[in-house]
Amino acid sequence: MTPARTQPKWMSWIGWVLTIGILSAAIIPFAPQIAARASQVSFDGPDWALWARISWVIKLHIFAALSALLIGTAILLQRKGSGLHKTLGWGWVFAMATTAISSLWITELNGNVWSFVHLLSGWTIIALPMAIFAIRSRKVEMHRRAMTGIFVGGLIVAGSLSFIPGHFMFEFFFG
């Protein structure tokens with residue numbers, strides 16, 4: 001059996017810097033709109049009338065994403081490999097798969113076509129089974145990287161992008 005190859009720490013940092021740079025470049029076109037709306041923002045609480053008007057697919061997507069965020073955070077904070085980790089992990093996989101698949105039917109903001117954010121959904125749909133296969137093959141490091149990447153990209157990044165002015169979450173909380 002050949003020993004596992006380890007990646008130098010500096011290569012990992014290069015990957016993160018490139019990811020942040022690409023995401024920043026994707027957000028730059030929205031900067032004037034964000035700045036203009038930021039000066040008008042006031043938080044008067046959620047707009048429940050807006051919630052009542054959205055489709056069931058969007059409600060399912062939001063519920064699944066929030067569930068995945070809570071479960072994923074709990075998984076990150078506990079010991080890996082335990083029975084609880086495995087049980088919560090399957091719940092997280094189900095919630096992430098539901099979030100990613102439901103997002104494919106949310107296209108209203110882009111004239112009923114997919115957007116950049118849908119690339120993250122496609123990536124999540126492909127990466128989840130790969131991460132499961134990795135842990136079943138006892139490739140713990142590959143599993144850890146894949147699941148962490150899905151958590152960061154599929155939840156944190158995509159979730160942050162949903163707070164751009166004009167998107168539902170921004171309008172729900174600040175509109």
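A residue is termed buried when its relative accessible area is under 20%, exposed when it is over 50%, and partly exposed in between, as computed with a 1.4 Å probe on protein chains only. By this criterion Arg138, at 72% relative accessibility, counts as exposed. Arg138 is found in the loop between H6 and H7, and its phi is near 65°, a positive value in a residue other than glycine.

The structure is a predicted model, in which local features need pLDDT of at least 70 and side-chain atom pairs count only at pLDDT 80 or more, while totals for chains, interfaces and linings use all residues. Residues are numbered from 1 along each chain as its sequence is written, and side-chain values use heavy atoms, with hydrogens and water left out.

The protein has eight helices and zero strands, where helices (H or I, at least four residues) and strands (E, at least two) are DSSP runs numbered from the N terminus. Along the sequence the pattern is accordingly written α-α-α-α-α-α-α-α. Of the 175 residues of the protein, 29% count as buried. A contact is defined by heavy atoms within 4.5 Å. Among contacts between residues at least 6 apart in sequence, 67% join residues at least 24 apart.

Helix H4 comprises the 21 residues 56-76. The expected span of a helix is 1.5 Å times one less than its number of residues. For H4 this span should be 30 Å, which agrees with the 30 Å between its end C-alpha atoms. Its buried residues are Val57, Ile58, Ile62, Ala64, Ala65, Ser67, Ala68, Gly72 and Ile75. The cover over these buried residues includes helix H3 (48-53), helix H5 (83-103), helix H7 (140-161) and helix H8 (168-174).

The loop between H4 and H5 contains Gln78. This residue counts as buried because its relative accessibility is 17%. When residues up to four places away in sequence are not counted, Gln78 touches Leu84, His85 and Leu88.

For H5, the 21 residues should likewise span 30 Å at 1.5 Å a residue, and the end C-alpha atoms are 30 Å apart, in agreement. The buried residues of H5 are His85, Gly89, Trp92, Val93, Ala95, Met96, Thr98, Thr99, Ala100, Ser102 and Ser103, and they pack against H4, H6 and H7. Thr98 is placed in H5 and is buried because its relative accessible area is 18%. With residues up to four places away in sequence not counted, Thr98 touches Leu60 and Ala64.

The packing of H5 was then examined helix by helix. Axes are lines fitted to C-alpha atoms, for helices over the stretch in contact, and angles run from 0 to 180 degrees between N-to-C directions. H5 and helix H6 (residues 117-136) pack at an angle of about 155°, and their axes are 8 Å apart. H5 is therefore roughly antiparallel to H6, since angles under 35 degrees count as roughly parallel, over 145 as roughly antiparallel, 65 to 115 as roughly perpendicular and the rest as oblique. On the H5 side, the contact is made by Trp90, Trp92, Val93, Met96, Ala97, Ala100, Ile101 and Ser103, and on the H6 side by His118, Ser121, Thr124, Ile125, Leu128, Ile132 and Arg136. These residues divide into ten nonpolar, four polar and one charged. In this classification Ala, Val, Leu, Ile, Met, Phe, Trp, Tyr, Cys and Pro count as nonpolar, Asp, Glu, Lys and Arg as charged, and the others, Gly among them, as polar.

H5 also packs with H7, at an angle of about 40° and with the axes 12 Å apart. The angle makes H5 oblique to H7, and the crossing of H5 and H7 is left-handed. Trp92, Val93 and Met96 of H5 meet Met147, Ile150, Phe151, Gly154 and Leu155 of H7 in this contact. By class, the contact of H5 with H7 has seven nonpolar, one polar and no charged residues.

Beyond H7, His167 is placed in the loop between H7 and H8. Its relative accessibility of 22% means that His167 counts as partly exposed. His167 and Glu108 are 59 residues apart in sequence, and their C-alpha atoms are 9.8 Å apart in space.

Conventions:
A crossing is left-handed if the near helix is turned anticlockwise from the far one by less than a right angle, and right-handed if clockwise.
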